[in-house]
Amino acid sequence: MIGEVPVGDSQIDTSEVGTSQVDTSGVDEATGENDAEQFWAENTFDSRHAELVRGYGGVEDPPDPADALAMPLILHIPKADPPVRSELLEAAARATVTLCLDPRVGVGASWHESFTEWTSARIRKVARRARGAQWSAAQDVPGVTVEVGGASARALVPGRVGDLDPRIKRLQIGGTDVPSDDAPSPAAGPVLWVDAELSMTVGKAAAQVGHASMLLAGAMSAEQCREWASAGYRCSVRSADSQQWARALDEVRAGRAVAVRDAGFTEVAPGTVTVIAVP
């Protein structure tokens, strides 16, 4: 799993369960947690991790864009006090991987069918901006919110683009950005390096680091991933200049890092490596 991984683009145009104990490590960041939901014994952290190890894709894109599957990513970007870009991207990365290993995506649980349908197709994500009442309303749509410093992002349960909740559909996709910041040196833990030369918008970059976090989790052993989960999937997202990017590419070639290779539907050319995740 370590190496370059082709993924979908960040933007596109257009049951009852049994009762048992379940490992819920790493999901403390969830809003509207697992209230009143019980889980099958087979729904373990290891089984959910195995779904990420299995990989993604294999199902052809549908002819109707409305039938395409995508994970909505909601970025909290208030007008008066916008967040720091590096923190916002970290929140997006952590929200994505947290949802991917949440007990509700496991076998027999409420999000399982939607999630596994999505992982069988391109792992598309659509990043949208929310503020004020919009952000509050987004908390009522099934998903996971993560806060990092003064930034917040919410990953929603994947589904058909044509079935998007009206509260989310009205949110703006493009046209909003936050400036780059002078982030400190990366803290301990995984680092997600974003190629600075690509000058991606914050929405595009959020989707790409979201791809990177779930691919990195799948590249880890179950024990390593469980340890990462116990730390709340903390990571650093940093902009890489040409020298740092070259070093990160060396890590990929050595099999010690995961590279996200974009499908090229928006902003970048097909096959472009956008983010490199170094454990």
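Predicted model: local features only at pLDDT ≥ 70, side-chain atom pairs only at ≥ 80, totals over all residues.
Contact here means heavy atoms within 4.5 Å.

I begin with helix 1 and helix 7. Phe45, Asp46 and His49 of helix 1 are in contact with Ala222, Cys225, Arg226 and Ala229 of helix 7. Sorted by class, this contact comprises four nonpolar, one polar and two charged residues. The axes of helix 1 and helix 7, the latter spanning residues 222–230, come within 10 Å and cross at roughly 110 degrees. Angles of 65 to 115 degrees count as roughly perpendicular, so helix 1 is roughly perpendicular to helix 7.

Helix 1, residues 45–54, and helix 3, residues 112–119, have axes that come within 10 Å and cross at roughly 20 degrees. These two helices are therefore roughly parallel to each other, and the crossing is right-handed. Here Glu51, Leu52 and Arg54 of helix 1 meet Phe115, Thr116 and Thr119 of helix 3. By class, that contact holds two nonpolar, two polar and two charged residues.

The next pair is helix 2 and helix 6. How do helix 2 and helix 6 lie relative to each other? The axes of helix 2, residues 85–100, and helix 6, residues 202–219, come within 8 Å and cross at roughly 45 degrees. The two are therefore oblique to each other, and their crossing is right-handed. From helix 2, the contact is made by Arg85, Leu88, Leu89, Ala92, Ala93, Thr96, Val97 and Cys100. From helix 6, the residues are Val202, Ala205, Ala206, Val209, Gly210, Ser213, Met214 and Ala217. In terms of class, there are 12 nonpolar, three polar and one charged residues in this contact.

I turn now to the cores. In soluble globular proteins, nonpolar side chains tend to be buried together. Which residues of the largest nonpolar core touch the most other members? That core has 57 residues, and the ones in question are Leu75, Leu99, Leu192 and Val209. Val209 also belongs to the helix 6 side of the contact with helix 2. Neighbours within four places in sequence aside, Leu192 is in contact with residues including Ala93, Val209, Ser213, Cys235, Val237 and Ile276.

Tyr233, in the loop between helix 7 and strand 8, has a positive phi near 55 degrees. Is Tyr233 buried or exposed? Its relative accessibility is 0%, so Tyr233 counts as buried. Glu267 lies in the loop between strand 9 and strand 10, and its phi is positive as well, at about 70 degrees. With a relative accessible area of 43%, Glu267 is partly exposed.

Finally, I consider two exposed residues. Lys79 is placed in the loop between strand 2 and helix 2 and counts as exposed at 72% relative accessibility. Lys79 and Gly132 are 53 residues apart in sequence, and 9.0 Å apart in space from C-alpha to C-alpha. Glu147, in strand 4, is exposed, with a relative accessible area of 55%. Between Glu147 and Glu90 there are 8.9 Å in space, C-alpha to C-alpha, and the two are 57 residues apart in sequence.

Thank you for your attention.

Methods:
Residues numbered from 1 in each chain as written. Heavy atoms only, no water. Axes fitted to C-alpha atoms, helices over the stretch in contact; angles between N-to-C directions. Helix = DSSP H or I, 4+ residues; strand = E, 2+ residues; numbered from the N terminus. Parallel < 35°, antiparallel > 145°, perpendicular 65-115°, else oblique. Left-handed = near helix turned anticlockwise from the far one by under 90°. Nonpolar A, V, L, I, M, F, W, Y, C, P; charged D, E, K, R; others polar. Core = buried A, V, L, I, M, F, W, Y, C linked by side-chain atoms within 4.5 Å. Buried < 20%, exposed > 50% of the residue type's maximum accessible area, 1.4 Å probe, protein only.
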